[in-house]
Amino acid sequence: MSNSEVTSGSETTAEPVRQDRARRRWAKNPLRSFTFLVSLPAVLVYLGVCGLVLLTLSIMTSEINRIDSDRGRKAVIAALNSFITSLGENVADEATWTEAYINTYVTFNPAWLDDTWGSTARTSENYDTAIVTDVKGNILFGEGKAGVFDGNIAEHFSGTELLTASLQRGIDAYGSTARFASFSRNSRGAAGIAAAVIHSTTGLITTPGEERRILWFSRQIDEGMLKQIALNFQIPTPELLPEHADLENTIALTDAGGAEVSHLKWEPQRPGDVAFNHAAGVASLVLLVIGFLVFVVLHAFRGSVARRAEADERDWINARYDAETGLINRFGLEESLRKQLTRKQPEQQVAVAYLGLEDYRDAVAAYGEETSMVLLDALLDIFEQAIDGQATLAQVGLDEFVIARPGAEADLVIRHIARKILQGVSAPLPVESWRIKVGVSIGIAEAAINKTDASKPVQMAEAAMRRAHETGGNHIVEHDDSIETERQQRIEVQADIRRGLEADEFDLDYQPIFDFAAQAMIGVEALLRWRRRAGGPKSPGEFIPAAEASGLIEDLGLWALRRACSDLAEMEGLKLSVNVSTVQFRNPMLATQIDQILAETGFQAQRLQLEITESFLLTRPERATAALEELRARGIMIALDDFGTGFSSIGYLRQFKFDRVKLDRSLVDMLDQDPVKAALVESTMVVAYAMGLAVTAEGVERREEAAALTRLGCHEFQGFLFARPLPLEGLARLASEQQEQQRKAG
């Protein structure tokens with residue numbers, strides 16, 4: 001654990017975290033006006049429900065019957081339309097026939113017509129009458145189940161003049177493939193009739209309009225036909241009415257001229273009536289049971305009301321106090337501060353100390369929940385002894401606490417308490433068989449609050465605590481304008497990053513990595529850029545820290561990895577190096593997320609190298625080892641980035657399994673003139689090569705530096721001396737030029 005000291009010592013038994021810090025604040029009489037406010041309304045509601053259920057069933061019955069009637073009507077209409085459409089398709093298919101064209105235009109052959117269409121009409125279910133006429137409707141041939149047809153077709157079927165005219169307009173508009181079909185009346189009742197001009201298979205009509213021959217198919221609408229469509233479409237069997245009847249379930253059949261041909265009726269199934277009979281019986285039984293249950297429930301409700309009041313009181317306490325420690329929480333603290341305000345004093349000064357425990361979460365992970373609770377109780381003892389009843393202590397997070405005091409001299413008291421707490425945690429705490437050192441970062445702020453804004457000093461102190469944590473921890477930072485400005489700027493940058501991700505404003509540049517010995521580019525490092533930002537470009541040094549602080553670095557990192565893998569998928573000769581933040585490495589789903597990206601982009605795991613810094617290794621060495629092993633098992637290479645900065649040491653190379661070490665620019669700069677740097681690089685090279693690790697020097701900008709590194713055994717370079725970061729197009733050109741040079745050299 002970083003910033004912590006753990007030593008074994010004599011076993012000390014500490015009391016568990018106390019649960020009695022919260023006190024009951026209110027109570028009420030749960031049975032007041034029970035009879036008039038609960039029992040009587042319940043009986044009235046029950047009677048109303050009974051009436052409403054019966055009314056609802058009646059309405060539902062009517063609606064179900066209406067819906068079924070509409071459905072039946074639509075189904076019958078659809079079946080009849082399908083019948084007419086099918087008749088039209090049949091006549092169109094038969095009329096489009098070169099042999100028919102020859103036997104009606106070239107040589108009129110009644111025998112052929114009878115063998116072809118007449119015999120079919122007498123035996124087929126598709127049509128029972130076949131007629132050939134000229135454009136004026138004069139019958140040239142007519143055969144069917146009813147016998148021979150002669151004269152004019154209008155004498156046998158109604159609406160044929162309008163059908164002929166519509167057919168002519170269709171030919172003018174669409175050509176020879178036009179066809180028309182409709183209902184019609186004949187001597188036997190209602191029938192379907194369809195017409196099409198006989199033409200060759202090619203679709204060309206070479207006969208003048210007045211000499212055209214029209215093929216007519218008709219099918220009588222009779223009981224057999226209606227039964228067939230009822231069977232095909234699963235509808236009630238319609239019946240032909242001898243005369244018009246104003247009934248609900250009827251439809252009128254009209255010919256091409258709009259004249260009524262006949263009427264059809266059918267018997268609705270009325271499923272609503274059946275449903276009502278079943279539902280009413282069940283509903284009556286259910287209502288009786290409900291009535292009995294209402295009586296039982298009302299009888300038992302008095303006890304239930306009392307228990308509910310107790311539960312409400314517990315909820316009230318839980319909303320204001322931490323369940324583990326019994327300390328007041330953030331909501332309870334702000335509520336308490338607001339209650340101290342009055343009409344005479346609508347505003348008052350409040351001083352706040354915000355405490356953030358250092359490494360407490362690591363202690364939980366390392367020693368278990370029970371030990372960590374004992375540790376927390378010891379810390380709370382120190383806090384309460386320092387407060388000594390002079391301020392309010394609240395717990396606002398697992399490892400974060402707030403101490404608040406209103407009043408004119410509250411800031412002096414809070415500062416004194418904060419110093420006493422720092423002194424109290426300066427030594428390791430005895431916890432069971434351990435002595436554990438946990439630090440604390442403290443932020444202090446003072447501000448005036450009112451009833452609408454009681455959180456202001458807490459937020460200010462929290463920002464100061466974050467500054468204390470970022471500057472090493474274990475000390476006090478008082479809030480000032482620069483902290484608030486920085487907090488607001490960070491919030492704005494974080495919001496801007498979210499917007500930039502949604503607007504796809506980010507880009508990647510690729511800095512080549514060269515093998516100096518082979519004089520060839522062997523890989524690239526992907527670098528995130530934000531040049532297309534709506535408010536102007538922003539450097540990585542500005543937006544990366546804000547992204548890491550807010551957790552947005554995970555979204556940015558995954559976006560960069562997906563884009564880089566997609567960009568370089570086809571450049572098979574190059575390896576890809578991508579930086580992964582500490583926040584990403586702490587995510588146990590990182591390996592799964594990388595698997596998904598590699599699968600989506602088709603990028604090979606063996607070509608991918610992830611660069612990590614020492615911060616993750618320092619804070620969570622066990623988790624770091626497991627995460628690195630999980631990634632390396634997939635064939636992904638791991639590089640230790642920025643070697644030579646901070647606490648980096650050769651010991652890391654022995655402790656963790658890396659594939660590559662990247663020497664930081666600070667170690668490479670002026671290497672040729674600094675013997676200490678040269679010695680450090682040389683020792684790193686010896687250890688790295690002995691362990692089978694590759695070494696890459698970053699930030700090489702001078703030839704002298706490259707020469708010195710080469711003498712020390714390093715031959716992989718990255719820096720402005722060789723190439724600046726390039727957009728994808730520039731990288732593609734560089735790779736193409738290298739391939740061309742290799743081709744010529746080979």
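Reader: What volume does the second largest cavity have?

Author: In this predicted model, where local features need pLDDT of at least 70, side-chain atom pairs count only at pLDDT 80 or more, and totals for chains, interfaces and linings use all residues, the second largest cavity has a volume of about 40 Å³. Residues are numbered from 1 along each chain as its sequence is written, and side-chain values use heavy atoms, with hydrogens and water left out.

Reader: What makes a space a cavity, and how is a volume defined?

Author: On a 1 Å grid over the protein atoms alone, a cavity is a set of points where a 1.4 Å probe fits but cannot get out. Points are joined across faces, edges and corners, and the volume is the space filled by probe spheres set on them. The search of the whole structure finds three cavities of 30 Å³ or more, and about 50 Å³ lies in the largest cavity.

Reader: Which helix gives the most to the lining of the second largest cavity?

Author: Helices are DSSP runs of H or I with at least four residues, strands are runs of E with at least two, and both are numbered from the N terminus; α14 gives the most, with three residues.

Reader: What makes six residues of the lining of the largest cavity nonpolar?

Author: Ala, Val, Leu, Ile, Met, Phe, Trp, Tyr, Cys and Pro count as nonpolar, Asp, Glu, Lys and Arg as charged, and the others, Gly among them, as polar. The lining therefore divides into six nonpolar, one polar and two charged residues.

Methods
1 Å grid on protein atoms, 1.4 Å probe; cavity = no way out; pocket = protein on both sides within 12 Å on 5 of 7 lines; lining within 4 Å.
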